[in-house]
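Student: I have a new structure to read. Where do I begin?
Tutor: Let us look at it, then take one feature at a time.

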Amino acid sequence: MTPLSALLLRDMRLAVRVGGGALMGVLFFLLVVTLTPFAIGPDLALLQRIGPAILWLGALLASLLALDRLFAADHEDGSLDLLLMGSAPLELAVLAKALAHWITTSLPLVIATPLLGLFLNLDAFAIGAVALTLLAGTPALTGIGLIGAALSVALRRGGLLLPVLVLPLTVPVLIFGVAASNAAIIGPAGFGAPFMILCALTLGSLVIGPFAAAAALRHGLE
Amino acid sequence: MVNGAALPPPWRLTRNLVMALIDLANPTRFLALTQRVLPFLAGATALAFAVGLTLAWLAPDDYQQGATVRIMFIHVPNAWLAMAVWAVMTIASLGTLVWRHPLADVAAKAAAPLGAAFTFLALVTGSLWGRPMWGTYWVWDARLTSVLVLFLMYLGVIALWRTVEDPARAGRAAAVLTLVGAINLPIIKFSVDWWNTLHQPASIVRAGGPTIALSILTPLLVMALAFLLLFVALHLAAMRNEILRRRVRAMWLMQAHAAQGA
């Protein structure tokens, strides 16, 4: 077993155990999607029109909240220093942690989307479209969130700094994710362009995120 | 050590510039130089503003927009500077991370609030211009949205500076964030070309040259120069303040350490 796959499995196991907080993201997602009709009102037609946007916002916020535990636990018990000194390139180690984070936090969000789509009166095709865009877009959110998590790793009272840093960078992902969902619902002709750009954002952030996060970890922990 | 006099002129100039940058890395020398330079810079800024505002006052009305076109003489330079300051911060961040220049993070920290102020002014003057022209204070088109995101990123960098206590560590973290955020600059510049926006397309920095009449372009360029001189003057003054602030902090730390040891 290579070091990177060992790191991946370790992170996934830790996330699922008690104190890992893996399924807390799904719970928060459920709460946000449940709160929105209380604020907007039970008008089903309106909820159907803005359903993809609510699901995307909920997924964005839920994946954001789980980000601070990406590096914090390792920083506290010293394993982050071992990673920095280890033989595996730090960028790939960070990518392995990000993959574990995505599998345990964001993938459950995508799986929970059909149920929550029912709350928002979305039909099957719309649910499928939103789930597909979430599947393509949540890795981008993880990749961008890596940067904020690495920058705020050593802060004890970081508080809202992580969302403040990460949210402006996730705006394009949100825009194109919702655009792709709405395009799929209105008529499949316009789906391709925003979806391609969403995939491009994901691929780009999966490269830039680990490099920036590794640089932030190296410089921030000196 | 390379003998400077033996180099041909282009390389000699480069070498002199590099040596100047290295000399200025000494904070004391930097403080001495800026103390001499700042009064002249302030004077030049005031002069440029005087000339620019006079030219703006004398500029002809636009045939379509009338007198409200004069908001452009404030809005456009602020928007240019909003992006230019982030570019300055990006170069300073490279200085911190790549070349380890001692004053690079001071430059970045001093520039961030100035850039945020210019972005805010660009958004506000643009909004005030939009009300008579477009009928709305705000629209979510590509240019306005990307500039708003730039403003939020400025605030994020300032927040990062204020959250990490050690200035050197804060500088490196802010440098990484600034480099990541630099991707927004080409998006802002080309947003009016890539998307169908309410904001007008590029009319000055474009292939084929400017499309503005010279009688309006000249005051605009003079005002841009005036705002640029304002930024340089304020930036150097803010860098001086930051250097002095860090010295005060070092003295506090030494005092606390001495009191602890006593």
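Tutor: Start with burial. A residue is buried if 20 or more other C-beta atoms lie within 10 Å of its own. Keep in mind that this is a predicted model.

Student: What share of the 222 residues in chain A do buried residues make up?
Tutor: They make up 50%.

Student: How many helices and strands are there in chain A?
Tutor: Chain A has nine helices and zero strands. Read from the N terminus, its elements run α-α-α-α-α-α-α-α-α.

Student: What do the contacts in chain A say about sequence separation?
Tutor: Take contacts between residues at least 6 apart in sequence. Of these, 80% join residues at least 24 apart.

Student: At what angle do helix H8 and helix H9 of chain A pack?
Tutor: H8(A), residues 161-186, and H9(A), residues 192-220, pack at about 150 degrees. Their axes are 8 Å apart. Angles over 145 degrees count as roughly antiparallel, so H8(A) is roughly antiparallel to H9(A). Their crossing is left-handed.

Student: Which residues make the contact of H8(A) and H9(A)?
Tutor: From H8(A), they include Pro172(A), Val173(A) and Phe176(A). From H9(A), they include Phe195(A), Ile197(A) and Leu198(A). The residues of this contact divide into 11 nonpolar, one polar and no charged.

Student: Now chain B. Is Ala224(B) buried or exposed?
Tutor: Apply the cut-off of 20. Ala224(B) has 21 other C-beta atoms within 10 Å, so Ala224(B) is buried. This residue lies in helix H8 of chain B, residues 214-261. Leaving aside neighbours within four places in sequence, Ala224(B) is in contact with Pro77(B) and Trp80(B). Ala48(B) is 176 residues away along the chain, yet the two C-alpha atoms are separated by 9.3 Å.

Student: How many residues of chain B are in contact with chain A?
Tutor: 15 residues of chain B are in contact with 16 residues of chain A. On the chain B side, helices H5 (142-163) and H6 (167-181) each supply at least two residues. H5(B) gives the largest share, seven residues. The chain B side divides into 11 nonpolar, two polar and two charged residues.

Terms used. Residues numbered from 1 in each chain as written. Chains lettered and ligands numbered in written order. Predicted model: local features only at pLDDT ≥ 70, side-chain atom pairs only at ≥ 80, totals over all residues. Contact = placed C-beta atoms within 7 Å. Helix = DSSP H or I, 4+ residues; strand = E, 2+ residues; numbered from the N terminus. Nonpolar A, V, L, I, M, F, W, Y, C, P; charged D, E, K, R; others polar. Buried ≥ 20, exposed ≤ 12 C-beta atoms within 10 Å, placed from the backbone. Axes fitted to C-alpha atoms, helices over the stretch in contact; angles between N-to-C directions. Parallel < 35°, antiparallel > 145°, perpendicular 65-115°, else oblique. Left-handed = near helix turned anticlockwise from the far one by under 90°.
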